[in-house]
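Reader: Please take a close look at the aromatic ring pairs and the helix that contributes to them. A plain account will do.

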Amino acid sequence: MRTSKIERITKETKINLLLNLDGVGKGEIKTSIPFFDHMLEQLTFHSSVDLELNAIGDVDIDYHHSVEDCGICLGKAFSDALGDKKGINRYGFFFLPMDDALIRVALDFSGRSFLSWKVSFPTNKVGNFDLELVREFFNAFSKNSGATIHVEMLDGFNSHHISEAIFKGLGKSIKIAIEKNKDVELIPSTKGSL
(Lines give C-alpha, C1' and ligand atoms only; values in the text may rest on other atoms or scores of the structure.)
Protein backbone atom coordinates (compact mmCIF):
# COMPACT_ATOMS: atom_id res chain seq x y z
CA MET A 1 0.00 0.00 0.00
CA ARG A 2 1.30 3.44 -0.96
CA THR A 3 0.16 5.29 2.15
CA SER A 4 1.47 7.91 4.52
CA LYS A 5 0.52 9.34 7.89
CA ILE A 6 1.77 12.80 8.85
CA GLU A 7 1.38 14.76 12.07
CA ARG A 8 2.65 18.32 12.40
CA ILE A 9 2.31 20.33 15.60
CA THR A 10 3.59 23.88 15.91
CA LYS A 11 2.59 26.87 18.02
CA GLU A 12 0.40 27.93 15.09
CA THR A 13 -1.13 24.71 13.77
CA LYS A 14 -1.93 21.10 14.57
CA ILE A 15 -2.35 18.90 11.50
CA ASN A 16 -3.13 15.20 11.13
CA LEU A 17 -3.12 13.73 7.63
CA LEU A 18 -3.66 10.28 6.12
CA LEU A 19 -2.94 9.74 2.41
CA ASN A 20 -3.58 6.68 0.25
CA LEU A 21 -2.26 7.04 -3.29
CA ASP A 22 -4.25 4.01 -4.46
CA GLY A 23 -7.61 5.39 -3.46
CA VAL A 24 -10.80 6.40 -5.22
CA GLY A 25 -10.80 10.17 -4.71
CA LYS A 26 -12.45 10.18 -1.28
CA GLY A 27 -11.69 13.18 0.92
CA GLU A 28 -12.49 14.01 4.52
CA ILE A 29 -11.06 17.49 4.89
CA LYS A 30 -11.53 19.90 7.78
CA THR A 31 -9.36 23.03 7.99
CA SER A 32 -11.95 25.58 9.24
CA ILE A 33 -11.38 27.41 5.93
CA PRO A 34 -14.39 26.56 3.72
CA PHE A 35 -12.95 27.74 0.38
CA PHE A 36 -9.66 25.92 1.01
CA ASP A 37 -11.55 22.76 2.00
CA HIS A 38 -13.40 23.00 -1.33
CA MET A 39 -10.12 23.34 -3.25
CA LEU A 40 -8.54 20.36 -1.46
CA GLU A 41 -11.66 18.29 -2.10
CA GLN A 42 -11.25 19.04 -5.82
CA LEU A 43 -7.56 18.08 -5.75
CA THR A 44 -8.38 14.84 -3.91
CA PHE A 45 -11.23 13.82 -6.20
CA HIS A 46 -9.40 14.55 -9.45
CA SER A 47 -6.16 12.84 -8.35
CA SER A 48 -8.11 9.73 -7.23
CA VAL A 49 -6.19 9.61 -3.97
CA ASP A 50 -7.87 9.21 -0.59
CA LEU A 51 -7.11 12.01 1.87
CA GLU A 52 -8.07 12.57 5.48
CA LEU A 53 -6.91 15.98 6.67
CA ASN A 54 -7.73 17.65 9.97
CA ALA A 55 -6.11 21.02 10.61
CA ILE A 56 -6.53 23.26 13.61
CA GLY A 57 -4.81 26.59 13.16
CA ASP A 58 -4.72 30.22 14.22
CA VAL A 59 -7.39 31.17 11.68
CA ASP A 60 -8.51 33.98 13.98
CA ILE A 61 -5.29 35.77 12.94
CA ASP A 62 -5.41 34.78 9.26
CA TYR A 63 -5.29 31.66 7.08
CA HIS A 64 -1.62 31.79 6.09
CA HIS A 65 -0.15 29.35 8.62
CA SER A 66 -2.91 26.77 8.12
CA VAL A 67 -2.73 26.84 4.32
CA GLU A 68 1.07 26.71 4.19
CA ASP A 69 1.32 23.96 6.80
CA CYS A 70 -1.28 21.87 4.96
CA GLY A 71 0.92 22.22 1.85
CA ILE A 72 3.95 21.13 3.86
CA CYS A 73 2.15 18.07 5.26
CA LEU A 74 0.59 17.03 1.95
CA GLY A 75 3.95 17.37 0.21
CA LYS A 76 5.69 15.24 2.84
CA ALA A 77 2.92 12.65 2.61
CA PHE A 78 3.33 12.33 -1.17
CA SER A 79 7.10 12.05 -0.84
CA ASP A 80 6.74 9.37 1.82
CA ALA A 81 4.00 7.40 0.02
CA LEU A 82 5.85 7.43 -3.33
CA GLY A 83 8.97 5.93 -1.72
CA ASP A 84 11.61 5.08 -4.34
CA LYS A 85 9.04 5.82 -7.11
CA LYS A 86 9.61 2.51 -8.88
CA GLY A 87 7.19 1.99 -11.74
CA ILE A 88 5.43 5.36 -11.64
CA ASN A 89 4.99 7.57 -14.68
CA ARG A 90 6.75 10.38 -12.77
CA TYR A 91 5.43 13.08 -15.12
CA GLY A 92 1.88 14.40 -15.29
CA PHE A 93 0.37 17.30 -17.19
CA PHE A 94 -3.11 18.58 -17.90
CA PHE A 95 -5.01 21.44 -19.52
CA LEU A 96 -8.01 22.20 -17.32
CA PRO A 97 -10.87 24.28 -18.77
CA MET A 98 -13.46 25.60 -16.32
CA ASP A 99 -15.86 28.04 -17.93
CA ASP A 100 -13.80 31.20 -18.56
CA ALA A 101 -10.65 29.76 -16.98
CA LEU A 102 -8.03 27.70 -18.80
CA ILE A 103 -5.10 26.42 -16.75
CA ARG A 104 -2.07 24.35 -17.73
CA VAL A 105 -0.36 22.31 -15.00
CA ALA A 106 2.77 20.21 -15.54
CA LEU A 107 4.32 18.13 -12.77
CA ASP A 108 7.48 16.05 -12.30
CA PHE A 109 8.04 14.02 -9.12
CA SER A 110 11.78 14.38 -9.76
CA GLY A 111 12.98 14.86 -6.19
CA ARG A 112 13.93 18.44 -7.15
CA SER A 113 11.45 21.06 -6.03
CA PHE A 114 10.71 24.01 -8.27
CA LEU A 115 7.60 26.12 -8.75
CA SER A 116 6.92 28.21 -11.84
CA TRP A 117 3.81 30.32 -11.20
CA LYS A 118 2.30 32.33 -14.04
CA VAL A 119 -1.09 33.20 -12.59
CA SER A 120 -2.71 36.57 -12.11
CA PHE A 121 -5.97 36.58 -10.17
CA PRO A 122 -8.36 39.42 -11.13
CA THR A 123 -9.32 39.87 -7.45
CA ASN A 124 -7.38 39.57 -4.19
CA LYS A 125 -9.95 37.38 -2.47
CA VAL A 126 -12.71 34.86 -2.96
CA GLY A 127 -15.01 35.54 -0.04
CA ASN A 128 -12.61 36.03 2.87
CA PHE A 129 -9.89 33.79 1.41
CA ASP A 130 -6.71 35.58 0.29
CA LEU A 131 -5.84 34.24 -3.15
CA GLU A 132 -2.10 34.83 -2.64
CA LEU A 133 -2.32 31.77 -0.38
CA VAL A 134 -2.93 29.51 -3.38
CA ARG A 135 0.67 30.11 -4.45
CA GLU A 136 1.86 29.64 -0.85
CA PHE A 137 0.18 26.22 -0.78
CA PHE A 138 1.71 25.18 -4.10
CA ASN A 139 5.16 26.39 -3.02
CA ALA A 140 4.99 24.41 0.24
CA PHE A 141 3.69 21.32 -1.59
CA SER A 142 6.47 21.54 -4.20
CA LYS A 143 9.26 21.95 -1.63
CA ASN A 144 8.09 19.11 0.56
CA SER A 145 7.12 16.61 -2.13
CA GLY A 146 10.27 17.25 -4.17
CA ALA A 147 8.17 18.05 -7.22
CA THR A 148 8.78 20.43 -10.08
CA ILE A 149 5.46 22.16 -10.83
CA HIS A 150 4.60 24.60 -13.58
CA VAL A 151 1.25 26.40 -13.38
CA GLU A 152 0.16 28.76 -16.12
CA MET A 153 -3.10 30.65 -16.51
CA LEU A 154 -3.94 30.80 -20.20
CA ASP A 155 -7.32 32.51 -19.82
CA GLY A 156 -9.83 33.54 -17.19
CA PHE A 157 -11.64 36.41 -15.52
CA ASN A 158 -13.38 34.74 -12.55
CA SER A 159 -11.06 34.21 -9.59
CA HIS A 160 -13.05 31.29 -8.18
CA HIS A 161 -12.94 29.47 -11.52
CA ILE A 162 -9.22 30.16 -11.93
CA SER A 163 -8.36 28.83 -8.46
CA GLU A 164 -10.57 25.78 -8.82
CA ALA A 165 -9.11 24.99 -12.25
CA ILE A 166 -5.60 25.18 -10.74
CA PHE A 167 -6.41 22.67 -7.99
CA LYS A 168 -8.26 20.36 -10.38
CA GLY A 169 -5.37 20.60 -12.85
CA LEU A 170 -2.91 19.65 -10.13
CA GLY A 171 -5.12 16.72 -9.20
CA LYS A 172 -5.31 15.45 -12.78
CA SER A 173 -1.53 15.86 -13.19
CA ILE A 174 -0.87 13.96 -9.95
CA LYS A 175 -3.16 11.12 -11.08
CA ILE A 176 -1.13 10.68 -14.26
CA ALA A 177 2.26 11.02 -12.54
CA ILE A 178 1.67 8.52 -9.71
CA GLU A 179 0.07 5.85 -11.92
CA LYS A 180 2.12 2.66 -11.87
CA ASN A 181 3.15 0.77 -14.98
CA LYS A 182 2.46 -2.81 -13.97
CA ASP A 183 4.84 -4.21 -16.58
CA VAL A 184 7.88 -2.10 -15.65
CA GLU A 185 9.12 -1.81 -12.07
CA LEU A 186 11.96 0.59 -12.79
CA ILE A 187 12.84 3.90 -11.20
CA PRO A 188 11.77 6.37 -13.92
CA SER A 189 15.19 7.92 -14.49
CA THR A 190 18.24 6.99 -16.57
CA LYS A 191 20.29 7.83 -13.46
CA GLY A 192 18.61 4.95 -11.63
CA SER A 193 17.64 7.17 -8.71
CA LEU A 194 15.29 10.06 -7.99
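Author: Buried means under 20% relative accessible area, exposed over 50%, and partly exposed in between, with a 1.4 Å probe and protein chains only. The model is predicted, so local features need pLDDT of at least 70 and side-chain atom pairs count only at pLDDT 80 or more, while totals for chains, interfaces and linings use all residues. Residues are numbered from 1 along each chain as its sequence is written, and side-chain values use heavy atoms, with hydrogens and water left out.

Rings of Phe, Tyr and Trp (its six-membered ring) pair if their centres lie within 6.5 Å; planes under 30 degrees apart count as stacked, over 60 as edge-to-face and the rest as tilted. This rule gives 11 aromatic pairs. In one of them, the ring centres of Phe35 and Phe129 are 5.2 Å apart and the planes stand at 45°, so the pair is tilted. Helices (H or I, at least four residues) and strands (E, at least two) are DSSP runs, numbered from the N terminus. Phe35 belongs to helix 1 (residues 34-47) and Phe129 to strand 9 (residues 129-130), so the pair ties together parts 94 residues apart in sequence. Phe35 counts as buried at 10% relative accessibility, and Phe129 is buried at 2%.

Phe78 and Phe141 have ring centres 5.5 Å apart and planes at 80°, so this pair is edge-to-face. Phe78 is in helix 2 (residues 64-82) and Phe141 in helix 3 (residues 132-145), 63 residues apart. Both Phe78 and Phe141 are buried. Ring pairs link these residues into a cluster, whose members include Phe35, Phe78, Phe129, Phe141 and Trp117.

Helix 1 is mostly covered, with 10 of its 14 residues buried, among them Phe35, Phe36 and Met39.
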